[in-house]
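Good morning, and thank you for making the time.

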Amino acid sequence: PRSLLACLAVSYPPPTHHHNAMPKRTSGGASGSQGKKARVEPPRSGPRASLESAHHVLVQALLKERYMLEDEARKVYLDATANVGGEDFDERAYQEYWRVINKELDFVGLGLRRTKYRHDGRLYVGIVNKVADDAAKAAGSQLTSNELSMFRLIVEEINTNCPDGELPAMQAINVRLPDELEEGATQAQQTQFMHTQHVANMGSSAKEAALLKMEAEGWIANDDGIVTLGVRTYLELEDLLSA
C-alpha cells in the first residue's frame with residue numbers, strides 16, 4: 001500500500017457536508033449533534049486491512065470531511081482495524097493509532113487535533129496545519145481575499161462583543177467598519193483596518209454569499225440567523241481566537 005504521506009500529496013478537496021451538518025443549538029442555547037455522514041469503507045486485502053491501510057482510512061476521511069466527531073473517528077478506527085464487536089474498546093491501541101498518524105503527518109507540518117466545541121460540548125477531531133500562521137491557514141480555504149477579511153472581522157466582533165459567542169447574521173453581514181485609522185495605530189490595528197477596507201468594497205449580496213461560503217467550509221455556523229464560530233475555526237485557528 002501507499003505510504004501515509006502519499007495520501008497528503010493531493011490538495012485538499014472542498015468540504016462536502018458542513019453547510020447542512022453544522023451543530024444546531026438546542027432551546028437552551030447549546031447545539032445538538034451533527035447529521036450522519038456516509039460510512040467510510042476501509043480498503044481491505046483479505047479479512048482485515050494492513051496496518052498502513054488502516055491509518056490511511058482516517059487520514060482520507062478527515063481530508064475529505066475536514067473534521068468529524070471523536071466518536072466517528074473511533075468508529076473509523078474500529079472499522080479500519082477490523083476490531084468490531086465486543087464491548088471493550090482498547091484505548092491504548094487507539095492512542096497508538098493516533099501516535100503513528102501524527103508521527104507521519106508531522107513530516108509535512110500537519111497533525112491530528114481534538115477540540116471541544118463550545119456550542120455543543122462535544123469533541124471533534126481534524127487534521128490541522130501546525131506550521132503556518134492563522135492567516136495562511138485560512139488562506140487555504142476557497143475564500144477570496146475580501147471574504148477572508150470579512151471572516152477576520154466577524155471573528156474579532158464575536159471575540160470582542162459577544163460573550164455568548166453568538167452574533168446575529170445581519171450584524172455579521174454589516175459588521176462595523178471604522179471610518180479612519182487612529183494616529184499611532186499598532187501594526188495589528190493597521191492590519192485590521194486593511195481588512196475593513198476590503199470589506200467596505202463588498203456589496204450586500206457579496207457579503208451574504210461570503211457568509212454562506214464560510215458556513216459551507218466550516219468556519220462559521222448559522223442557525224436560524226445566529227452566527228457562531230464553526231468547529232473548523234476552533235480546530236485550526238485557536239491562536240486567532242485567543243488574540
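Let me begin with a term: a residue is called buried under 20% relative accessible area, exposed over 50%, and partly exposed in between, using a 1.4 Å probe and protein chains only. Please note that this is a predicted model, in which local features need pLDDT of at least 70, side-chain atom pairs count only at pLDDT 80 or more, and totals for chains, interfaces and linings use all residues. Residues are numbered from 1 along each chain as its sequence is written, and side-chain values use heavy atoms, leaving out hydrogens and water.

A salt bridge here is a side-chain nitrogen of Lys or Arg within 4 Å of a carboxyl oxygen of Asp or Glu. The whole structure contains nine salt bridges.

Consider arginine 99, which is partly exposed at 43% relative accessible area. Its salt-bridge partner is glutamate 96, with the closest N and O atoms 2.8 Å apart. Glutamate 96 is also partly exposed, at 38%.

Which residue does aspartate 106 pair with? The partner is lysine 130, again with 2.8 Å between the closest N and O atoms. Aspartate 106 is partly exposed at 44% relative accessibility, and lysine 130 is partly exposed at 45%.

What of glutamate 236 and arginine 232: are they buried or exposed? Glutamate 236 is buried, with a relative accessible area of 10%, and arginine 232 is buried at 2%. Their side chains meet in a salt bridge of 2.9 Å, N to O.
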